[in-house]
Amino acid sequence: MTESALRLRGLRKTFPKVVAVAGVDLDVARGEVFGLLGPNGAGKTTTLEVIEGLTEADSGEIEILGLTWARNGREIRSRIGVQLQSTSLFNKITPREALDLYGSYYPRRRGTEELLALVQLEEKADAYHITLSGGQQQRLALAMALVNDPELVFLDEPTTGLDPQARRGLWDVVRRMKAEGRTVVLTTHYMDEAEALCDRLAIMDHGKVIATGTPASLIADLALPSIVELTFEGTAPDPAAFEAALGLRVEPRMDLWEIPTPDPKTLLPRLLEAAEAAAVPFQQVHIRRATLEDVFLHRTGRSLRE
Amino acid sequence: MLWRQFAMEWRLYSRDRVAMFWTMAFPVILLLGFGTIFRDSGGPKLAVVRVATLAPGARDAALDQALVDLQLKVVALSRTEAEARWARGETAAQLEPEGEGYRLRLNSYLMAQAGATAGLVNQAWLVAQARLSGAPEPRRIPIQVESPGRKRSANYASFLLPGLLGLNLVSMGLFSVGMVNVSYREKGKFRRLAVTPLPKWIFLLGQVLHRLTVTVVQAAILLLVGYLVFGIANQGSFLNLALIMALGTGCFMAFGFALSGFAETSEGYAAISNLVFFPLMMLSGVYFTLDSAPAWLQHLVAGMPLAPFLKALRAVFNDGASLAGHGLGLGIVAAWGLAAFLLAVKRFRWA
Ligand SMILES: Nc1ncnc2c1ncn2[C@@H]1O[C@H](COP(=O)(O)OP(=O)(O)OP(=O)(O)O)[C@@H](O)[C@H]1O
Ligand SMILES: [Mg+2]
């Protein structure tokens with residue numbers, strides 16, 4: 001058994017007008033929960049679909065569980081589980097039938113009842129797919145990804161469209177998968193989700209991986225582990241004058257200023273003093289730990305979700 | 001795996017009640033409609049428009065009688081009415097008085113009917129003259145309408161039924177099946193299947209088998225209605241009929257699947273399927289014979305699947321023929337079907 005669950009080298013995929021994946025190298029170890037993080041259009045879905053064999057890459061190497069598409073296509077398909085970003089099924093198939101049917105395509109399969117229970121769809125087991133809510137359809141898609149008892153699972157935005165409770169439910173499912181020794185590769189826009197679930201992450205932008213590491217190491221690499229926020233009522237004013245007085249970088253956001261700092265304890269008194277002197281009309285002060293959002297912001301100058 | 005796929009196709013299909021009803025009902029409605037219109041005729045009758053003579057004499061009466069005796073349908077009209085009908089293009093042959101005698105006008109667009117009518121009108125004229133002069137009537141060569149299998153066709157509906165069975169297959173294969181396939185792909189309904197180990201050929205074969213059984217049911221209903229309403233019975237063996245139908249269904253369904261591999265969108269498919277459907281129909285020898293076409297075209301046409309399929313179907317159904325004389329024709333159908341299926345598997349894309 002090889003140690004690597006997934007190995008990508010120089011993966012490229014170009015659509016007529018866009019370079020969707022511009023040379024991606026990735027290594028995912030067995031048993032790991034690996035996150036792909038990035039804004040809309042970063043190339044996450046394309047990367048996954050190329051790996052899953054749905055889209056053909058222009059160039060690059062893909063090794064999945066030590067296998068390659070050229071030689072072991074059928075075996076790869078039997079051993080991976082896939083949740084697409086959007087799963088379109090026949091309108092009048094029920095969750096029970098879908099799980100039975102898709103399960104029948106595989107040499108190994110998990111029981112339909114067990115899967116229905118796992119995603120809490122027992123009540124809707126016999127309702128037509130078209131009558132399920134968006135979140136219920138999403139949960140069915142997750143159950144379908146697990147139908148073959150896969151070693152490696154790809155989840156493309158598994159929590160999009162889920163209510164907070166269902167979202168927590170999905171986190172539990174992912175943690176259980178990890179406990180069962182499966183490897184999970186997922187994409188998300190949510191920082192808290194990535195921090196809570198992923199052992200390691202890759203941050204993608206414009207088809208490239210711009211950083212990889214554990215959530216903690218990515219944040220630590222910022223060397224600015226804390227952010228002080230001054231919030232305003234309405235739009236935040238221009239911070240240029242205050243920035244000069246303080247001698248530190250101030251980043252204006254919609255209704256607040258952010259001041260990244262390695263040492264909030266000594267900054268705070270100085271900051272309040274300067275704010276008093278310049279009569280800055282702020283409402284509240286918050287100090288928070290830097291997040292992956294700040295990592296992304298720092299690396300690209302843009303916010304993850306806009 | 002194939003069985004499951006097939007069973008699921010049926011289960012999902014049976015949930016779409018409206019589509020299922022119309023698929024089953026449409027050929028029956030056609031049969032009832034056309035069968036009733038032409039109920040009593042042994043096929044549409046030849047008609048001649050007779051323009052009234054201003055002062056009809058004994059000669060006119062004799063001619064009119066002879067026309068009727070020769071089984072022509074005589075539509076008697078005044079000159080103005082006749083001209084109006086002619087201008088609408090509805091008249092194939094018009095007999096009008098001219099000078100001392102008559103003139104027969106034939107419609108160049110309806111030459112098949114007009115030609116046959118002209119022959120009968122001239123015969124009637126000879127008969128009328130003989131009767132007037134008291135001479136013995138000229139001996140006519142008797143005419144008998146028959147199908148090539150030597151059984152007299154009972155009525156038009158019985159001629160229509162195998163045609164409906166056959167054309168329904170072609171249109172289902174080329175239009176419904178292929179179109180459904182393309183639109184499902186367009187909507188991304190196959191993408192989830194693409195990441196499973198389900199082989200394409202099983203998926204496609206499951207669909208072909210499903211359609212095959214749909215056709216069996218459809219044909220059974222049509223045959224039953226034909227029998228109960230018009231008393232049309234299959235003259236040949238049901239086994240042979242089923243064999244031909246199965247072969248035809250397989251062939252034309254595979255055609256649809258193969259074509260769907262060449263279209264990106266439903267609109268594109270509509271164009272492509274028409275591009276194939278019309279030559280297939282036109283060159284099938286159903287609408288006109290190609291005796292005067294260049295030799296290469298005739299060879300090409302001889303190798304097309306629709307004509308031998310319809311021929312074998314009619315021979316068995318109407319004439320009770322065995323399959324003996326149709327081996328080559330059915331071989332052609334089977335070969336096309338197999339080639340189309342292989343092409344379909346090769347061209348099939350999940351997304
Ligand atoms: N089939 C396609 N044809 C043309 N361009 C495409 C196609 N699929 C994706 N793209 C383009 O490739 C780029 C990457 O898209 P992709 O779907 O991989 O992004 P993503 O990171 O998954 O975004 P999101 O967070 O919105 O899901 C985008 O610019 C997109 O417009
Ligand atoms: Mg995406």
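Which polar backbone atom is 2.8 Å from an oxygen atom of ligand 1?

1. The backbone atom belongs to A:Gly41, and the separation from the ligand 1 oxygen is 2.8 Å. This and every other value in the note refer to a predicted model.

2. Side chains also approach ligand 1. A polar atom in the side chain of A:Lys44 is 2.7 Å from an oxygen atom of the ligand. For A:Thr46, an N or O atom of the side chain lies 2.5 Å from an oxygen atom of ligand 1. On its own, ligand 1 would expose 640 Å², and the protein buries 64% of that area.

3. Chain A brings 26 residues to the contact and chain B brings 21 residues. The area buried between chain A and chain B is about 2,500 Å², and carbon and sulfur atoms account for 58% of it. Three residues, A:Phe90, A:Glu97 and A:Tyr105, supply 27% of the area that chain A buries against chain B, which is more than any other three residues supply.

4. What polar and charged pairings occur across this interface? Between chain A and chain B, 13 residue pairs are in polar contact, counting residues at pLDDT 80 or more. The rule also finds three salt bridges across the interface of chain A and chain B. In general, side chains of opposite charge can pair when their charged atoms come close. A:Glu97 forms a salt bridge with B:Arg11, with 2.7 Å between the closest N and O atoms.

5. On the side of chain A that touches chain B, the elements giving two or more residues are helix 2 (69-79), helix 3 (95-103) and helix 5 (134-145) of chain A. Helix 3 of chain A gives the largest share, four residues. The residues on this side of chain A divide into 13 nonpolar, seven charged and six polar.

6. Over all chains, the salt-bridge count comes to 38. A salt bridge also joins the side chains of A:Arg167 and A:Asp192, at 3.1 Å from N to O. Because A:Arg167 lies in helix 6 (residues 164-179) of chain A and A:Asp192 in helix 7 (residues 191-197) of chain A, the pair ties together parts that are 25 residues apart in sequence.

Terms used:
Residues numbered from 1 in each chain as written. Chains lettered and ligands numbered in written order. Predicted model: local features only at pLDDT ≥ 70, side-chain atom pairs only at ≥ 80, totals over all residues. Heavy atoms only, no water. Contact = heavy atoms within 4.5 Å. Buried area = accessible area lost by both parts, 1.4 Å probe. Salt bridge = Lys/Arg side-chain N within 4 Å of Asp/Glu carboxyl O. Polar contact = N/O pair within 3.5 Å; in protein donor to acceptor, adjacent residues only side chain to side chain. Nonpolar A, V, L, I, M, F, W, Y, C, P; charged D, E, K, R; others polar. Areas by Shrake-Rupley, 256 points an atom, 1.4 Å probe, with all protein chains shown as cover.
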